[in-house]
Amino acid sequence: MVDILHEIEAAVPALRRYARALTRDFDRADDLVQDCLERALAKRGLFPPKGPVRAWLFTILVNVHRNSLRGSRRRGEVVDFADIPEPSVPAPQPGHMALAELDRAIGMLPHEQKEALLLVTLEGLPYAEAAAILDIPLGTLMSRLGRARAALKTLTGTPSEPHLRTVK
Amino acid sequence: MSEITRDTLMAYADGALTPAERADVDAYLADHADAAAEVALMQRQANAIRTLYGPVAAEPVPPRLSVEKLLQSREKRRSQIWTRAAAAVVLVGLGLGSGWLLRGQVDTPDIADRLIADAVSAHTVYVLENRHAVEVNGDDSEHLSSWLSNRLQTTLAMPDLSASGLAFLGGRLLPAPNVPGGRAAQLMYEDTTGARLTLYVTPSPGPNTPTYELANLGLDTALFWADAAISCTITAPYPAEKLQAIARTVFSQLNPTLTDYRT
């Protein structure tokens, strides 16, 4: 029981990173993580995870996020006018310019493509693990990844993407 | 060498290939500049995504996400939650029964009463539907049987009530918060006059339930029955005697291993 708490604690930074990329919103991301952790802590006694704790937590986070999308679609999203023209990442340097553009492009991806792409690229998870977390077949995962990448390519400009070369 | 598809290139870029597969792709990329550019782009995208969001993991974790803090506030809330949850269960149970629970003394309803309430609510809602009365049509009763059996984690046959003049319309899956597993199956039948009968089947709610209960609900009659494997509530606009006769056919078909059912 103590071990699992340690493992949960250790996964928090990665959960925050994934949630931030999913929502591109500091507070909403941490709300999701908090919701995820509360569920995990409530469930750990009755339904201890069968596999790795990390994958279990990501599964909960994905579900919490999907639920929140369903909820916000019903209510409609509140958008601050100040948020519309400018992305959250400042653009003081040419390299950052490309990143800001990428950030905006990721925000425009359909959420099922976004959650797949970020698990594989940002979190570096193997395909099989990502597919299990998202509860989709491997083939579906790969087609979502493919579509997400094609969309990013279009959204961030020219196919050759020269400006991304400035990024390490 | 197997065929190099776009998916193969993507798996290569994501490091998802075996060493042998990687070697194949390496050889392919040496001769195909466009494919190599494609792979490079995918890798740049992934790198850029990590550069963009990776630093979040290095930020200090805010106190509200500390596991220790969350555990403490959980302990604090626990006693309150139990009290509220108990009250909520009673209220939900009371609300559902369309008057059934309000007969006589109002007390904490037992599980049989709550299941009858759920069954009657579901019956009332769905028998009024024409085109959407069922989720899966009765024509495909084999699929329906395996689907609902899986969901309820119990073997569930689709009873044939044609001998009682009832045609099978189909079934649907419903939430059932009062039973383990949280799911119920509703099967719907229709007689020649258009009157409809539903079976509301759940996994067994536990050993402490009465095996048999009959409820008169004005127009409808509901008959509840539970054994070690399942519970079933039959609801129809029929008098009690007619429903009991149908019930015998239902139970012998729903659970052929238990032959000792008697009303």
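Predicted model: local features only at pLDDT ≥ 70, side-chain atom pairs only at ≥ 80, totals over all residues.

**Helix H6 of chain B**

The predictor gives the complex an ipTM of 0.81 and a pTM of 0.53.

More on that helix:

- H6(B) runs for 12 residues and spans 16 Å from first C-alpha to last, close to the 16 Å expected at 1.5 Å a residue.
- Its buried residues are B:Leu144, B:Leu148 and B:Leu152. They sit on the same side of H6(B) because they cover an arc of only 45° around the axis.
- As a general point, an α-helix has 3.6 residues a turn, so residues three or four places apart point the same way.
- What do the buried residues of H6(B) pack against? They pack against strand S1 (136-137), S2, S3 and S4 of chain B.

**Nonpolar cores**

- The largest nonpolar core has 46 residues, and B:Ile116, B:Cys232 and B:Ile234 have the most contacts inside it.
- Several elements of chain B give two or more residues to this core, including helix H6 (141-152), strand S2 (166-175), strand S3 (183-191) and strand S4 (196-203). Others among them are strand S6 (220-226), strand S7 (230-236) and helix H7 (240-254) of chain B.
- Which element gives the most to this core? That's H5(B), with eight residues.
- Leaving aside residues up to four places away in sequence, B:Cys232 touches B:Leu199, B:Tyr200, B:Val201, B:Trp225, B:Val250 and B:Leu254.
- Another core lies apart from that one and has 45 residues, among them A:Ala21, A:Ile60, A:Leu99 and A:Leu109.

**Where the chains meet**

- Chain A puts 34 residues into the contact, and chain B puts in 28 residues.
- On chain A's side, the elements giving two or more residues are helix H1 (2-23), helix H2 (26-43), helix H4 (94-108), helix H5 (111-121) and H7 of chain A.
- H1(A) brings the largest share of that side, 10 residues.
- By type, the chain A residues touching chain B split into 20 nonpolar, three polar and 11 charged.

**Helix H7 of chain A**

- H7(A) covers residues 138-155, has 18 residues and reaches 26 Å between its first and last C-alpha, close to the 26 Å expected at 1.5 Å a residue.
- A:Leu141, A:Met142, A:Arg144, A:Leu145, A:Ala148, A:Arg149 and A:Leu152 are buried in this helix. They lie on the same side of H7(A) because their arc around the axis is only 160°.
- Over on the other side of H7(A), A:Gly139, A:Ala150 and A:Thr154 are exposed.

- Chain B has a mean pLDDT of 82, with 81% of its residues at 70 or more.
- Among the elements of chain B, helix H1 (residues 6-13) has the highest mean pLDDT (94), and helix H4 (residues 67-96) has the lowest (64).
- Residues 101-108 of chain B have a pLDDT below 50, and that stretch has seven contacts in the model beyond near neighbours in sequence.
- Residues 259-263 of chain B also stay under 50 in pLDDT. For that stretch the model has eight contacts beyond four places in sequence.

Technical notes
Residues numbered from 1 in each chain as written. Chains lettered and ligands numbered in written order. Helix = DSSP H or I, 4+ residues; strand = E, 2+ residues; numbered from the N terminus. Expected span 1.5 Å × (residues − 1). Buried ≥ 20, exposed ≤ 12 C-beta atoms within 10 Å, placed from the backbone. Arc of directions from axis to C-beta. Contact = placed C-beta atoms within 7 Å. Nonpolar A, V, L, I, M, F, W, Y, C, P; charged D, E, K, R; others polar. Core = buried A, V, L, I, M, F, W, Y, C linked by C-beta atoms within 7 Å. pLDDT = per-residue confidence, 0-100.
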